Amino acid sequence: MARLDLKSYNIKVSRGLWKKYGDKRVIDTPITEIGFAGIAVGAAFNYINKCSKHPDWDPPLHVVAKTEFIKFRIWAGHANLYTDILGNIQLDNNISIKNIPSSSKFIILNENISNADFEVYTDGSRIEDETGFAVCIFQENNNIENHLYKLKSHNSIFQAELAAIHCAANWAASKNVSINIHTDSLSSIAAIKSASARSSFVNNIKQDLVKIKHLVGLSWVKAHVGIQGNELADQQAKLATTTGVDTIIPAPRSYVKRLLNKLMIKEWNNYWRQYNSTSGARVREYLEHTPLCVSVGRWAMQIIIPLAARSPKNFI
């Protein structure tokens, strides 16, 4: 029976695992689909949330190549050619940072401005594909203003967190007052500090912060530990996903990846249904769709267990 040599076989999902964990935890097995299925079902019944990986359960090369080509064309500035996929959504894009002055690349904001006029707490939220953010303004420990904004479903929580910081900074600039911004998003602070960020969305925020860095302090606070301002910002951000003022920011790269992944699966399914070999027809009796690598629990419940019910002799 054929075997995989995990010590040298170059499957991306298992690459380096043997070197890291050794023979006791990474076990080389024969290539037997029914064996993998049995292990998966057993794991599922014992509530072990793992993923069974089979080297042949990958999209056909021509489907992957087409998807990667479209992705390249979109990020090369030809998104207008794929409105049937993207619609008319404005996309964030990567920019060249060679000519950006060092002062705009390396942003150092004070964590705390002494005797600031206001303390501001920001937060972003995403609930059931709805995204929003909130800016909660405090003066002398009293909440005096809240600003709630609703983003589009394609915007990410990361973008919401950054947009909230940007909104707070713009509010300070419009009032010409000093503020301390408190966020529970370490990734947003890291993006602002990063000298290698190429996102146009991120760099626009950085440029605005540079102009008013004498007015703005920026610090991280731990979420859900009872800090009044942070708890209020969290509640208001959740509310913003449904009642916030509509605002538009570019869609992130992750949105394009999700769309193209759906396109790839759709094309793979079309190829799967049109595959006219005898084995293809036989497998389609049990698997109407492509055998995606999914969490074992869901896979067992949706595919393996119904299959066993229909053909119990295959699992004896």
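**View 1. Strand β4 in the predicted model is mostly covered, with 5 of its 5 residues buried.** Buried means under 20% relative accessible area, exposed over 50% and partly exposed in between, with a 1.4 Å probe and protein chains only. Ile-179, Ile-181 and Thr-183 point one way from β4, while Asn-180 and His-182 point the other way. Strands (E, at least two residues) and helices (H or I, at least four) are DSSP runs numbered from the N terminus. Residues are numbered from 1 along each chain as its sequence is written, side-chain values use heavy atoms, and hydrogens and water are left out. As this is a predicted model, local features need pLDDT of at least 70 and side-chain atom pairs count only at pLDDT 80 or more, whereas totals for chains, interfaces and linings use all residues.

**View 2. β4 pairs with β1 and with β5.** Two strands pair if DSSP finds at least two bridges between them. β1 and β4 run parallel and are joined by 5 bridges. Ile-179 of β4 is the bridge partner of Phe-118, and Tyr-121 stands opposite His-182 of β4. The pairing of β4 with β5 is also parallel, over 5 bridges; here Leu-218 of β5 is the bridge partner of Ile-181.

**View 3. The open sheet has 6 strands in the order β5-β4-β1-β2-β3-β6.** Its pairing is mixed. β5 and β6 (245-246) are at the edges with a single partner strand each, so one side of each has no neighbour in the sheet.

**View 4. Helix α9 lies across β1, β2, β3 and β6.** The helix runs at about 140° to β2; axes are lines fitted to C-alpha atoms, for helices over the stretch in contact, and angles run from 0 to 180 degrees between N-to-C directions. Buried residues of α9 include Leu-232, Ala-233, Gln-236, Ala-237, Ala-240 and Thr-241. The buried residues of the helix pack against β1, β2 and β3 (142-150).

**View 5. Ser-125 is in strand β1.** Ser-125 is buried, with a relative accessible area of 7%. Contact means heavy atoms within 4.5 Å. Not counting residues up to four places away in sequence, Ser-125 touches Glu-130, Thr-131, Gly-132, Ile-157, Ala-160, Ala-237, Lys-238 and Thr-241. Two of these, Ala-237 and Thr-241, are buried residues of α9.

**View 6. The largest nonpolar core has 34 residues.** A nonpolar core is a set of buried Ala, Val, Leu, Ile, Met, Phe, Trp, Tyr and Cys residues joined through side-chain atoms within 4.5 Å. Phe-133, Val-135 and Ile-179 touch the most other members. Elements that give two or more residues include β1 (118-127), β2 (130-139), β4 (179-183) and β5 (216-220), along with the helices α6 (157-175), α7 (186-193) and α8 (200-211). α6 gives the most, with 10 residues. Beyond its neighbours within four places in sequence, Val-135 is in contact with residues including Val-120, Tyr-121, Ala-164, Cys-167 and Ala-168.

**View 7. A second, separate core has 11 residues.** Among them are Ile-74, Leu-86, Ala-251 and Leu-259.
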